[in-house]
Amino acid sequence: MDLQYNQDELTFQQEVRLFLKNNLPENLSQKVKLGLELEKSDFDQWHTILNTQGWLASHWPEKYGGTNWSSIERHIFEEECCFAFAPRIIPFGISMLAPVVIAFGTEQQKQHFLPRILNGEDWWCQGFSEPGAGSDLASLKTKAVLENGEYIVNGQKTWTTLGQYANWIFCLVRTSSDGKPQTGISFLLIDLSSPGIEMKPIKLLDGSYEVNEVFFQDVRVPVGNIIGEENKGWDYAKYLLTYERTNIAGVGASFVALKQLKVLASKIKQGNSYLIDEYSFASKLADIEIRLTAMKVMNLKVLSLVQSGKAPGVESSILKIKGTEIQQQINDLTRQAMGPYAPTSISEFNNDFVLEQSNLYDDDNSLFQLGSKASSKYLNNRKLSIFGGSNEIQKTIIAKQLLNF
Amino acid sequence: MEFNYSDEHRMLGETLNRFFAEKYTSQLRESIENSAQGYNLDVWNELCELGMLGALLTEQQGGFGGMGEDINILFQELGKVAANEPLLSAGILGLRLAAELKQESLVDEIMQGDKQITLAHFEPESRYEIDVIKSQATPTEKGFRINGKKSMVYGAENCDQFFISAKIGDSKKIAIFLIKKIVKGLTLSTRKLNDGKIVSDVLMSNIEVSSSSLILDDAFDILQKLFSLACLALSAEALGAMKSSKNLTVEYMKERKQFSRPLSAFQVIQHRCVEMVIEIEQLDASLIQAANDISFAIHSNQNDDWKQAFISTASAKYLSGVTGKLISEESVQLHGGIGMTWEYPLGHFVKRIIMNNHQFGDSDYHLKQHIKMLKAELV
């Protein structure tokens with residue numbers, strides 16, 4: 001047992017730091033640091049930089065353009081990216097679809113799709129949830145019927161994150177209604193420029209647009225776009241959901257957010273003292289820090305499992321629950337820290353307002369700028385405990401798999 | 001980075017696990033409840049013969065462990081059966097302190113199982129603060145005259161000697177003396193605790209001791225480090241008891257039927273059991289960190305590393321307090337009436353978990369320590 005990085009791991013950490021220092025553009029890190037919204041071109045720019053270095057799809061096998069990093073090294077990379085305020089790597093193509101294509105796709109699918117994910121030609125989105133199929137995903141109804149070498153797809157998907165940037169969607173579709181709901185599902189790749197597809201944005205409670213509804217009316221999909229076998233899609237989706245979930249806890253991002261919150265709390269004045277001197281506030285902060293530090297170790301434990309060749313099962317569910325709880329607690333406390341300024345709406349937000357108010361806060365413009373988004377972020381991140389299998393679904397999974405209930 | 005335990009550490013855990021599983025029957029516990037010592041002498045002697053005291057000392061101190069991991073493993077096994085043997089009071093607070101104070105001959109005697117010794121430090125007004133000590137040692141011609149009162153000294157009645165803390169004259173420093181139990185002016189008032197252990201208040205009234213009784217005139221650093229080991233031990237013991245408590249609960253949920261279904265078929269029960277599992281995992285991780293940081297600090301002996309170790313042990317002790325309350329209360333609630341009985345083993349775990357929170361700082365105390373360190377970092 002030794003939680004310190006060994007010499008090789010420290011050397012790797014230095015290499016990553018140096019790379020980020022030399023290659024992460026300031027326009028990107030500044031946006032991330034201030035919590036500004038990133039556009040498609042921002043993500044594309046960062047993906048391209050990483051791809052040039054060969055680090056975009058670090059978990060893929062080397063022959064498809066991945067690295068041979070250990071799970072600890074991948075963790076170090078992710079952590080350093082957070083600390084340097086790099087944009088996140090958009091997971092839909094790289095971390096969700098690609099592992100499925102690599103494991104179950106045909107050689108032709110691999111040759112065609114994988115390079116296009118790496119070079120940014122394709123932006124993928126996920127078509128799993130439906131208006132009537134959320135936590136009970138297997139009850140999905142979007143139908144695909146095979147006719148003359150083409151699937152005819154009819155139905156509706158929803159909560160499609162960043163679908164507005166995408167040109168392809170991977171979908172779970174119903175190809176059979178025999179037997180259990182899980183056994184009649186197939187995994188289909190659909191070109192979003194196909195006739196009969198309509199994408200509509202959904203405005204969220206904080207005013208942001210990040211998810212969409214996708215409607216399919218008699219959309220024709222070549223039979224070659226199915227992954228693996230017909231009616232085996234549920235297995236592939238399960239593989240997708242358990243694969244590459246070691247970063248599900250978001251430990252690095254939470255450490256950064258907590259650090260920012262601590263500094264904020266030590267600068268916000270309250271009469272002659274500072275917010276951090278308020279015992280009830282400080283105790284909440286300390287509680288979160290203690291739990292986050294424990295979660296870091298839980299996360300590393302799972303990484304070492306992966307390192308030794310085991311696939312994490314319920315451990316991922318535990319990390320998902322704990323990770324999202326802590327992120328939400330940090331958001332909640334940041335909102336609280338902003339006091340009367342917290343309710344500022346994201347759409348009303350402008351730099352003049354920030355500059356004016358920041359004088360109250362030891363002239364630290366960037367912190368106040370970040371803090372002024374706190375209530376929007378708080379509202380937006382209520383999603384964390386809902387998506388990716390709600391935290392209640394995760395608990396039921398743990399009860400069945402770990403406790404044999 | 002390495003997450004697996006070494007062979008030696010694995011063996012330490014397995015040996016203790018087998019030993020306790022065999023020994024700790026309900027008859028044994030009943031006999032302990034009725035014993036004068038508050039633990040079982042045979043079990044203690046066998047533990048000493050197995051060399052478990054050596055696990056509490058570093059190699060330099062004449063042991064084979066003494067690191068954070070050894071303490072974490074050993075005390076978790078102790079907690080899994082809610083054992084009463086005095087590995088904290090006589091082990092860490094006696095033997096380990098003797099070793100830290102470089103009392104080699106004393107260490108040898110204790111290692112042979114010939115005598116027990118412990119530390120009498122906290123006082124009625126200290127609550128959990130290390131430096132709130134009012135006991136006074138006044139220099140005399142031959143040595144010192146000591147006056148003061150020490151409270152809640154675990155296992156004092158079983159000891160031959162005590163380390164006691166006191167301030168000399170006007171000095172603000174905490175000095176450590178080694179005194180005999182049977183000496184004029186020293187009285188023990190002893191009582192039983194609700195888990196069968198015994199504890200004493202030690203009254204020192206004009207005790208005359210020789211100048212050689214003064215072991216160290218400024219012991220704050222040693223005590224602070226020793227208490228971080230004690231916090232790790234108590235948290236680990238509580239965690240062991242939490243694991244047993246959770247396991248009993250999970251098994252009972254599968255057996256007990258109501259409304260023609262096992263309780264485990266109800267989702268509200270499932271989720272509450274899972275919440276116990278998750279919180280225990282979190283505490284386990286926190287203890288791994290604390291043990292790691294203590295080992296690191298022992299190796300390097302740098303102030304910054306000890307500071308980190310204090311933060312980590314305060315975190316672990318805080319979490320063990322809040323997690324322990326959750327696990328204890330949920331275990332009893334989910335069991336229902338049966339969990340309230342003396343006969344059913346759950347109560348022993350619950351008592352150990354809750355009572356450990358009352359030694360060396362409860363969760364509120366350690367959260368406050370954490371806040372202090374957090375603010376110091378920001379300045």
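View 1. Strand β3 (residues 150–157) and strand β7 (residues 209–222) of chain A pair in the antiparallel sense over seven bridges. Strands are DSSP runs of E with at least two residues, helices are runs of H or I with at least four, and both are numbered from the N terminus; two strands pair if DSSP finds at least two bridges between them. Strand β6 (residues 197–203) of chain A also pairs with β7(A), in the antiparallel sense and over seven bridges. A:Val214 in β7(A) stands opposite A:Lys157 and opposite A:Met199. Five residues lie between β6(A) and β7(A) in their hairpin, and A:Gly207 in the turn has a positive phi of about 95 degrees. This is a predicted model, in which local features need pLDDT of at least 70, side-chain atom pairs count only at pLDDT 80 or more, and totals for chains, interfaces and linings use all residues. Residues are numbered from 1 along each chain as its sequence is written, chains are lettered from A and ligands numbered from 1 in the order in which they are written, and side-chain values use heavy atoms, with hydrogens and water left out.

**View 2. Domain 2 against domain 3 in chain A.** Chain A is divided into domain 1 (7–89), domain 2 (122–232) and domain 3 (251–401), with bounds from an automatic or database domain assignment. Domains 2 and 3 of chain A bury about 520 Å² between them, 51% of it on carbon and sulfur atoms; buried area is the accessible area (1.4 Å probe) that two parts lose on being put together, summed over both. A:Ser135, A:Leu205 and A:Asp206 supply 76% of the area that domain 2 buries against domain 3, more than any other three residues. The rule finds one salt bridge across this interface (a side-chain nitrogen of Lys or Arg within 4 Å of a carboxyl oxygen of Asp or Glu). A:Lys383 forms a salt bridge with A:Glu210, the closest N and O atoms being 2.7 Å apart.

**View 3. The interface of chain A and chain B.** In contact (heavy atoms within 4.5 Å) are 42 residues of chain A and 42 residues of chain B. The two chains bury about 4000 Å² between them, 69% of it on carbon and sulfur atoms. Of the area that chain A buries here, A:Met1, A:Ile290 and A:Phe405 supply 22%, more than any other three residues.

**View 4. Salt bridges between the chains.** Six salt bridges are found by the rule across the interface of chain A and chain B. One salt bridge joins A:Asp277 and B:Lys375, with the closest N and O atoms 3.1 Å apart.
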